[in-house]
Amino acid sequence: MSKKLTHDFLSMRTKNSRLDQIRTLNLWGNDLSDVSILADLPNIEIISLSVNKITSLSAFKNMKHLRELYLRKNLIADIKEIEELKSCPNLKILSLIENPITEIQNYRQTVIESLPQLTKLDDVIIGEPSQQQQIEKKPSKDIKKPITKKKESMDEDSNKDNKKNPFNNNIKN
């Protein structure tokens, strides 16, 4: 059964009845679908609401201090929802892994273009190849083979070393 996030539940979980004092919030796996009260958290910086039933990002609109938003495994499906986060100028990390939205063609590119302040999306640093690209990346053909000496040459060097090193005098070749 889905449920609505309330002031009482927030107060109980954060041990703080003043919403303006809450800076971080972790409500992972609480079956929440309505988190509209989050709009009343003016100083929130980090939110983790993974494994819930959230379908909209409207509750996060205008969160000026929000830096990290973790929403893995929710029900966000519409790419237009990303627009709600444009008014979060300090948002640097966003995770929407395992949401239907991530299956949309050009999802990653669309999110990055809409939210240019992001430094990390879905556990991948922006500017680095995505995990799938890393898997598909083939090794370079310019790899040089290591230089190895011929066996005869190595034996000669070994004998020279034995003659120069007084500790090797007892070694028989």
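A word to settle before the first click: two residues are in contact, or touch, when they have heavy atoms within 4.5 Å of each other. The model is predicted, so local features are described only at pLDDT of at least 70 and side-chain atom pairs only at pLDDT 80 or more, while totals for chains, interfaces and linings use all residues. Residues are numbered from 1 along each chain as its sequence is written, and side-chain values use heavy atoms, with hydrogens and water left out.

**Stop 1: the whole chain**

Show the cartoon. The protein has four helices and eight strands, where helices (H or I, at least four residues) and strands (E, at least two) are DSSP runs numbered from the N terminus. Along the sequence the order is β-α-β-β-β-β-β-α-β-β-α-α. Of its 173 residues, 32% are buried; buried means under 20% relative accessible area, exposed over 50%, and partly exposed in between (1.4 Å probe, protein chains only). Among contacts between residues at least 6 apart in sequence, 41% join residues at least 24 apart.

Now colour by pLDDT, the predictor's confidence in each residue, from 0 to 100. The average is 83, and 73% of the residues score at least 70. Select residues 134-147: here the pLDDT is below 50, and beyond near neighbours in sequence the stretch has one contact in the model. Residues 165-173 are also below 50, with five such contacts. Where pLDDT is low, the predicted coordinates should not be read in detail.

**Stop 2: the core around Leu49**

Select Leu38, Leu49 and Phe60. Within the largest nonpolar core, which has 36 residues, these three touch the most other members. A nonpolar core is a set of buried Ala, Val, Leu, Ile, Met, Phe, Trp, Tyr and Cys residues joined through side-chain atoms within 4.5 Å. Helix H1 (7-14) and helix H2 (107-114) each supply at least two residues of this core. In soluble globular proteins, nonpolar side chains tend to be buried together.

Which residues does Leu49 touch, not counting those up to four places away in sequence? Show its surroundings and you will find Leu27, Leu32, Val35, Leu38, Ile54, Phe60, Tyr70, Leu71 and Asn74.

**Stop 3: H1 and what follows**

Select H1 and look for Phe9, Leu10 and Ser11, which are buried. The buried residues of H1 pack against strand E2 (24-26). Just after the helix, Lys15 takes a positive phi of about 55°. Step on to Asn16, in the loop between H1 and E2. Asn16 is buried, at 18% relative accessible area, and beyond its neighbours within four places in sequence it is in contact with Ser11, Gln21 and Ile22.

**Stop 4: charged pairs**

The structure holds seven salt bridges, each a side-chain nitrogen of Lys or Arg within 4 Å of a carboxyl oxygen of Asp or Glu. Three of them are worth a click:

- Lys4 and Asp34 meet at 4.0 Å, N to O. Lys4 lies in strand E1 (residues 3-4) and Asp34 in strand E3 (residues 32-34), so the pair ties together parts that are 30 residues apart in sequence.
- Arg18 and Asp20 have their closest N and O atoms 2.8 Å apart. Asp20 is partly exposed at 30%, and Arg18 is partly exposed at 45%.
- Glu83 and Lys86 meet at 3.1 Å, N to O. Glu83 is partly exposed at 42%.

**Stop 5: Asn99**

Leaving out residues up to four places away in sequence, Asn99 touches Leu71, Arg72, Lys73, Asn74, Leu75 and Ile76. Draw a distance from the Asn99 side chain to the backbone nitrogen of Ile76: a polar atom of that side chain lies 3.0 Å away.

**Last stop: the loop between E4 and E5**

Select Val51, in the loop between strand E4 (46-48) and strand E5 (68-70). Val51 has a positive phi of about 55° although it is not a glycine, and its relative accessible area of 26% makes it partly exposed. Further along, Asn62 is in the loop between E4 and E5. The phi of Asn62 is positive too, near 65°, and at 45% relative accessibility Asn62 is partly exposed.

Definitions and conventions: Polar contact = N/O pair within 3.5 Å; in protein donor to acceptor, adjacent residues only side chain to side chain.
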